[in-house]
Amino acid sequence: MVTANKHKPKVTEVHSEYHQEKQLQDKVRERRRRGLVRRLTAFAAAALAIAILFISVFTSQASTIEEKNLQQKQAEEELVRLKEQENYLTEEIEKLNNLDYIGELARRDYFMSKPGETIFKLPSSSN
């Protein structure tokens, strides 16, 4: 027959010096483990923050470099265009120092003539 009274077994606790020392060592070990977990968590959080910072800086620098490369390419294209214009203008200056060229321009554009010369304007022929 089972009694309704549930009795807890009476176990006497051993209060030996070895047992107390063992419990103290277990508590110290548990505290150290918790401290280690906290330190590792803090270190991981700091490492993650630094990694995010580095990634954002590198991304920002990459976009800045890309922008500067585009500006450099545009400046080089502008330089080529300006050098071509400089060559054209240098040739034009050389031509304008030639009196025959100036006379040809005056006859063609302003219908000027030399003394005794008659200018005829002919209709342009279209094919």
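**Exercise 1. Locate serine 113 and state whether it is buried or exposed, or in between.**

Step 1. Serine 113 lies in the segment after α2; helices here are DSSP runs of H or I with at least four residues, strands are runs of E with at least two, and both are numbered from the N terminus.

Step 2. Its relative accessibility is 42%, so serine 113 counts as partly exposed. The classes are buried (under 20% relative accessible area), exposed (over 50%) and partly exposed in between, with a 1.4 Å probe and protein chains only.

Step 3. The C-alpha atoms of serine 113 and glycine 103 are 8.4 Å apart, with the two residues ten positions apart along the chain.

The model is predicted: local features need pLDDT of at least 70 and side-chain atom pairs pLDDT 80 or more, whereas totals for chains, interfaces and linings use all residues. Residues are numbered from 1 along each chain as its sequence is written, and side-chain values use heavy atoms, leaving out hydrogens and water.

**Exercise 2. Describe the secondary structure and the overall exposure of the protein.**

Step 1. The protein has two helices and zero strands.

Step 2. Of its 127 residues, 4% count as buried.

**Exercise 3. Determine how α1 and α2 pack.**

Step 1. Two packed helices are described by the angle between their axes and the distance between the axes.

Step 2. Helix α2 spans residues 99–110, and α1 packs with α2 at an angle of about 95°, the axes being 6 Å apart. Axes are lines fitted to C-alpha atoms, for helices over the stretch in contact, and angles run from 0 to 180 degrees between N-to-C directions.

Step 3. The two helices α1 and α2 are therefore roughly perpendicular (65 to 115 degrees; under 35 is roughly parallel, over 145 roughly antiparallel, and the rest oblique).

Step 4. Glu92, Lys95 and Leu96 of α1 make the contact with Tyr101, Ile102 and Leu105 of α2, where contact means heavy atoms within 4.5 Å.

**Exercise 4. Examine the salt bridges of the structure.**

Step 1. There are five salt bridges, each defined as a side-chain nitrogen of Lys or Arg within 4 Å of a carboxyl oxygen of Asp or Glu.

Step 2. Arginine 33 and glutamate 30 pair at 2.9 Å, N to O. These two residues are three apart in helix α1 (residues 17–96), which means a separation of about one helical turn. Arginine 33 is partly exposed at 46%, as is glutamate 30 at 30%.

Step 3. Glu30, Arg33 and Arg34 are linked in a network of salt bridges.

Step 4. Arginine 81 and glutamate 78 form a salt bridge at 2.5 Å, N to O. They too are three residues apart in helix α1, about one helical turn. Arginine 81 has a relative accessible area of 41% and glutamate 78 one of 36%.

Step 5. Aspartate 109 and arginine 108 meet at 3.0 Å, N to O, and aspartate 109 is partly exposed at 39%.
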